[in-house]
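Here is a short briefing for a first look at this structure. Please keep the sequence and the model side by side as you read.

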Amino acid sequence: LFIMLRSVLRYWAGVKSATTPRSVDYGEELTIWDFRKRDAVQHWRCICDNDVKGLSRANFETNGKGTGAVFQGILNTEIPVGTNVKYSGYCAIRSNPKKKRWFKSDRMDMSVFDAFQLRVRGDGRKYMVNVQSPGLARKDDIWQCFLFTRGGPEWENIMLPFREFFLTHRGYMQDHQMSFPLHSMYTFGLLLVDRTNGPFRLEIQHIKAIRSILEPPPDREKRKYI
């Protein structure tokens, strides 16, 4: 009971201190990350199973052309011999939480928008988008959505409606779904875990929050997985 109460208080504290954008109209947008800026990648962290003695490799850096950043590496699902590793084959990047004074973390309020827009140049592989909002009963709860990319030399704009996100816990979709926490976004990330060994490459130019519909949908249609 104490843990649940503490979690609820942390959640609402984050909501109260969220960075709230102004009211927006249809078609308006908010640029959250612009990777054409050289220092943008410094606010992100790259993670892969190599951190726990796995065999995958990954890095996240500017693409050297001034058009964005590139998340690339080699995915390897092989379990290393002679180690205690039980699971291998994942690479990810995640934004660092924005810090405020007195070690408090800043949150972003996305409630006036209804979708994320990513401008990417992909390799045809399937990625996952991860959004974290701590303060719930379990700190490993994450809202996820599939990101399908096409190969080739062209950039593409991919829109991910908030209603497409579903709640997971340590990689498992939950039977009891909760609404996407629009008032308190903490971190944003991308994950490759498609079990396909080999190189990958995903260039990212920007990540935006957008208002793509004129009016909010009826309550029963707001969340696809509820």
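Phe-116 is buried, with a relative accessible area of 0%; buried means under 20% relative accessible area, exposed over 50% and partly exposed in between, with a 1.4 Å probe and protein chains only. This is a predicted model: local features need pLDDT of at least 70, side-chain atom pairs count only at pLDDT 80 or more, and totals for chains, interfaces and linings use all residues. Residues are numbered from 1 along each chain as its sequence is written, and side-chain values use heavy atoms, with hydrogens and water left out.

**The chain as a whole**

- The protein chain has 1 helix and 13 strands; helices (H or I, at least four residues) and strands (E, at least two) are DSSP runs, numbered from the N terminus.
- Along the sequence, the pattern is α-β-β-β-β-β-β-β-β-β-β-β-β-β.
- The chain has 226 residues, and 48% of them count as buried.
- Among contacts with a separation of 6 or more, 75% join residues 24 or more positions apart; contact means heavy atoms within 4.5 Å.
- The chain exposes about 13100 Å², and carbon and sulfur atoms supply 53% of it; these areas come from the Shrake-Rupley method with a 1.4 Å probe, and for residues only the protein chains shown count as cover.

**The nonpolar core**

- The largest nonpolar core has 41 residues; such a core is a set of buried Ala, Val, Leu, Ile, Met, Phe, Trp, Tyr and Cys residues joined through side-chain atoms within 4.5 Å.
- Phe-35, Phe-116 and Phe-188 have the most contacts inside this core.
- Strand β13 (residues 198-210) gives the most to this core, with 5 residues.
- Phe-116 sits in strand β6 (residues 115-121).
- Phe-116 and Met-159 are 43 residues apart in sequence, yet 5.7 Å apart in space, C-alpha to C-alpha.
- Beyond its neighbours within four places in sequence, Phe-35 touches several residues, including Trp-44, Phe-60 and Ile-204.

**The largest pocket**

- The largest pocket has a volume of about 930 Å³.
- A pocket is found on a 1 Å grid over the protein atoms alone, as an open set of points where a 1.4 Å probe fits, with protein on both sides within 12 Å along at least five of seven lines; lining residues have an atom within 4 Å of a point.
- Its lining has 28 residues, and Asn-130, Ile-142, Gln-144, Gly-171 and Leu-191 lie nearest its centre.
- Elements that give two or more residues to this lining include β5 (91-95), β7 (126-132) and β8 (141-148).
- β12 gives the most to the lining, with 5 residues.

**A buried loop residue**

- Thr-149 lies in the loop between β8 and β9 (156-161).
- Thr-149 is buried, with a relative accessible area of 10%.
- Thr-149 and Gly-122 are 27 residues apart in sequence and 5.2 Å apart in space, C-alpha to C-alpha.
- Leaving aside its neighbours within four places in sequence, Thr-149 has contacts that include Asp-123, Tyr-127 and Leu-202.

**Positive phi values**

- Most residues other than glycine have a negative phi.
- Lys-53 has a positive phi, near 75°.
- Lys-53 is in the loop between β2 (44-48) and β3 (57-62), and counts as exposed at 62% relative accessibility.
- Arg-170 is not a glycine, but has a positive phi of about 55°.
- Arg-170 is in the loop between β10 and β11, and is exposed, with a relative accessible area of 62%.

Methods. Grid points are joined across faces, edges and corners, and a volume is the space filled by probe spheres set on the points.
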